[in-house]
Amino acid sequence: MPKAVVCREVNKPVSVEDVQLEKPRRGEVMVRLVASGVCHSDLSITDGTLPVALPMVIGHEGAGIVEVVGEDVTRVKQGDPVILSWVPSCGNCRFCLVGSPHLCANAGHATGGRLKDGTTRMRDSSGTDLSMMTATATMSELTVVGEESVVPIDPEMPLNRACLIGCGVMTGVGAVINTAKLEPGSSAIVFGAGGVGLNVIQGCALAGAAQIIAVDVVDQKLEFAKTFGATHTINAKELDPVATAKELTAGLGPDYGFEVIGSPTTIEQAHRAIRRGGTAVVVGMGRLTESAQVNALMLAFDEKILTGSYYGGARPLVDFPKLCSLYQQGKLKIDELVTQAYKIDQINQAFQDMEAGKNARGIIQF
Ligand code: APR
Ligand code: ZN
């Protein structure tokens, strides 16, 4: 029985339990996880920010080795190293066909914590069904997922680095390259220098931004931000980020704004900070019950674009191998992101450290 992290009740510590895992059905694969990143979205399940069906095995940022393949699986074979994707795109819907598989119309089962047939492969010791976060449930020594959820990668790629490509790196770098399509030489402001925000910052650097302004409320995060390419930093507890960003850009405001926290205040700040005709991209996932405001006159007057970016516009089969290759060439910093590796039993510690702002990214190493 594999050990897994189970969230049973919101605002309570998660438990590490031996769970029952069914073998893969048709079109499914069993993956032995090597590492799983600890992302803010995992914490958001435990505190109720993201409402889901509990009890759930959490984790959605993982990489491992295919252990068993079910009938009719063609994408991978036993022994293949894979990164898990938290959007299992069908490949046939309107969105998949126009090159936006991250918006797949048939991936709703994953949001509900179920595999494609609406069931789960995980049960607790008493036989109760456990939902599987994003149909991946990567905070488990072993998982069973649809083949749409696995992306084979170069065997040379270290899996305790590859795991972060499954969420934070893809979401952050993709928001810049796929969603904003940032032009070289541009200026950008990034709100939130956490695990995802640092990847937005390095995405801006990779795309050739000339000026990258990082905003956070924790000085340590702003230090990390510099390592990832920030040219300026603002501690929002000390300075008004909107006014300071304008000063840094000759009074105009940056060309691009990225919000990587998920709070109405910072969404509004990102939108206000950018120049006329600029683009604000919301990457952070806020609460369903909250809204951000835009001024009814200024929206048209300033002609700013306000958009969201989901999973960095990921086309996992195309983008994951590309990101691996950029890491292998030394162009993408992932080693620097992993500031702490935890044992699965230390998951509550990992969440406390996240809330205290200690890590760029923590991972569970199995
Ligand atoms: N202004 C600036 N920075 C802030 C503020 C604020 N008002 N409030 C929080 N922050 C900073 C935190 O200090 C932290 O560094 O935002 C950062 C959030 O980072 P993490 O907790 O590491 O979260 P991360 O995993 O990066 O996810 C960020 O993206 O994918 C979504 O659901 C995820 O909404 C979450 C967001
Ligand atoms: Zn995530």
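This is a predicted model: local features need pLDDT of at least 70, side-chain atom pairs count only at pLDDT 80 or more; totals for chains, interfaces and linings use all residues.
Q: Which residue ranges make up domain 1 and domain 2?
A: The protein is divided into two named parts, domain 1 and domain 2. The C-alpha centres of these domains lie 28 Å apart. Domain 2 covers 172–309, and domain 1 is made of 3–166 + 336–365.

Q: What area is buried between domain 1 and domain 2?
A: The contact involves 12 residues of domain 1 and 13 residues of domain 2. Carbon and sulfur atoms give 66% of the area buried between the two domains. That buried area is about 1000 Å².

Q: Which three residues supply more than any other three of the area that domain 1 buries against domain 2?
A: The area buried between the domains is about 1000 Å². On the side of domain 1, three residues together supply 41% of what that domain buries against domain 2. They are Thr-49, Leu-337 and Ala-360.

Q: How many salt bridges does the rule find across the interface of domain 1 and domain 2?
A: Polar contact does occur there, with 3 residue pairs across the interface. The side of domain 1 that touches domain 2 has 3 nonpolar, 5 polar and 4 charged residues. A salt bridge needs a side-chain nitrogen of Lys or Arg within 4 Å of a carboxyl oxygen of Asp or Glu. Across this interface, the number of such bridges found is 0.

Q: How many residues apart in sequence are the parts tied together by Asp-72 and Arg-26?
A: These two side chains form a salt bridge with an N to O distance of 2.6 Å. Asp-72 is in the loop between strands S6 and S7, while Arg-26 is in the loop between strands S3 and S4, so the bridge ties together parts separated by 46 residues. Both partners are exposed. The separation asked for is 46 residues.

Q: Which residue meets Asp-255 in a salt bridge?
A: Asp-255 lies in the loop between helix H8 and strand S15, and its partner lies 20 residues away in sequence, in the loop between helix H9 and strand S16. The N to O distance is 2.6 Å, and the partner is Arg-275.

Q: Which residues are linked in a network of salt bridges?
A: By the rule, the count of salt bridges comes to 23. One network joins Glu, Asp and Arg side chains. Its members are Glu-22, Arg-25, Glu-28, Arg-114, Asp-117, Arg-121, Arg-123 and Asp-129.

Q: With which side chain does the side chain of Thr-136 make a polar contact?
A: Thr-136 lies in the loop between S9 and strand S10, and its relative accessible area of 0% makes it buried. Residues that Thr-136 touches, beyond four places away in sequence, include His-60, Trp-86 and Ser-149. The polar contact has a distance of 2.7 Å, and the partner is Thr-134.

Key:
Residues are numbered from 1 along each chain as its sequence is written. Chains are lettered from A and ligands numbered from 1 in the order in which they are written. Side-chain values use heavy atoms; hydrogens and water are left out. Domain bounds come from an automatic or database domain assignment. Contact means heavy atoms within 4.5 Å. Buried area is the accessible area (1.4 Å probe) that two parts lose on being put together, summed over both. A polar contact is a pair of N or O atoms within 3.5 Å; within protein, one must be able to donate a hydrogen and the other to accept it, and residues adjacent in sequence count only if both atoms are side-chain atoms. Ala, Val, Leu, Ile, Met, Phe, Trp, Tyr, Cys and Pro count as nonpolar, Asp, Glu, Lys and Arg as charged, and the others, Gly among them, as polar. Helices (H or I, at least four residues) and strands (E, at least two) are DSSP runs, numbered from the N terminus. Buried means under 20% relative accessible area, exposed over 50%, partly exposed in between (1.4 Å probe, protein chains only).
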